[in-house]
Amino acid sequence: MLKLDVVSPNGQLINKKECSSLSIPSTVGELFILPGHTDMVCLIGKGPMIIDDVEKYVVYGGTAEISDGSNITVIADLIRPVSELDFGKISNELKDVEMKLSTETLNDDEFETATSRYEDLRAELSTIVNK
């Protein structure tokens, strides 16, 4: 069994939860963790975090550490349960951000903000669609 801890700036979301698998988005691709996994530290990207193919969250970056082959600590920049996500609202905002990026002249800061929001919305949509 794996033991999972998840913390964010808002506090500890999950404390020593036992699970049999964890999928998290690393910055270089999806990381699927089973008991006995090689110890490592990795950067987390934006996307779905799935516990035992049942419990789903969207993470917006951070780090993950696997130690002793079964202890996992996720330090998320931000994390939200999929139950908080609204498909219609996300889809509409995504269209608005895509339109802004494709039709407006943006300075560097505006472009960076819009691009980051676009990535967040895509991660949220991906998490909902893979429910």
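Does Asp5 count as buried or exposed?

At a relative accessibility of 15%, Asp5 counts as buried; the term buried applies under 20% relative accessible area, exposed over 50%, and partly exposed in between, with a 1.4 Å probe and protein chains only. Asp5 belongs to strand β1, residues 2-8. Strands (E, at least two residues) and helices (H or I, at least four) are DSSP runs numbered from the N terminus.

A polar atom of the Asp5 side chain lies 2.7 Å from the backbone nitrogen of Lys16. With neighbours within four places in sequence left aside, Asp5 is in contact with Gln12, Ile14, Asn15, Lys16, Ile72, Thr73 and Val74, where contact means heavy atoms within 4.5 Å.

## Basis of the model

The model is predicted: local features need pLDDT of at least 70 and side-chain atom pairs count only at pLDDT 80 or more, while totals for chains, interfaces and linings use all residues. Residues are numbered from 1 along each chain as its sequence is written, and side-chain values use heavy atoms, with hydrogens and water left out.

## Overall fold

The protein comprises 2 helices and 8 strands, in the sequence order β-β-β-β-β-β-β-β-α-α. Along the principal axes, its C-alpha atoms fill a box of roughly 50 × 30 × 25 Å.

Of the 131 residues in the protein, 41% are buried. Among contacts with a separation of 6 or more, 50% are between residues 24 or more positions apart.

## Glu18 in strand β2

Glu18 is placed in strand β2, residues 11-19. Apart from neighbours within four places in sequence, Glu18 is in contact with Met1, Leu2, Lys3 and Asp52. The C-alpha atoms of Glu18 and Gly29 are separated by 24 Å, the two residues being 11 apart along the chain.

## Packing of the two helices

The axes of helix α1 (residues 87-103) and helix α2 (residues 108-129) come within 9 Å and cross at roughly 150°. Axes are lines fitted to C-alpha atoms, for helices over the stretch in contact, and angles run from 0 to 180 degrees between N-to-C directions. Helices α1 and α2 are therefore roughly antiparallel to each other, a term for angles over 145 degrees.

Residues making this contact include Phe87, Ile90 and Leu94 of α1 and Phe111, Tyr118 and Leu125 of α2. By class, the contact has 12 nonpolar, 2 polar and 5 charged residues; Ala, Val, Leu, Ile, Met, Phe, Trp, Tyr, Cys and Pro count as nonpolar, Asp, Glu, Lys and Arg as charged, and the others, Gly among them, as polar.

Technical notes. Angles under 35 degrees count as roughly parallel, over 145 as roughly antiparallel, 65 to 115 as roughly perpendicular and the rest as oblique. A polar contact is a pair of N or O atoms within 3.5 Å; within protein, one must be able to donate a hydrogen and the other to accept it, and residues adjacent in sequence count only if both atoms are side-chain atoms.
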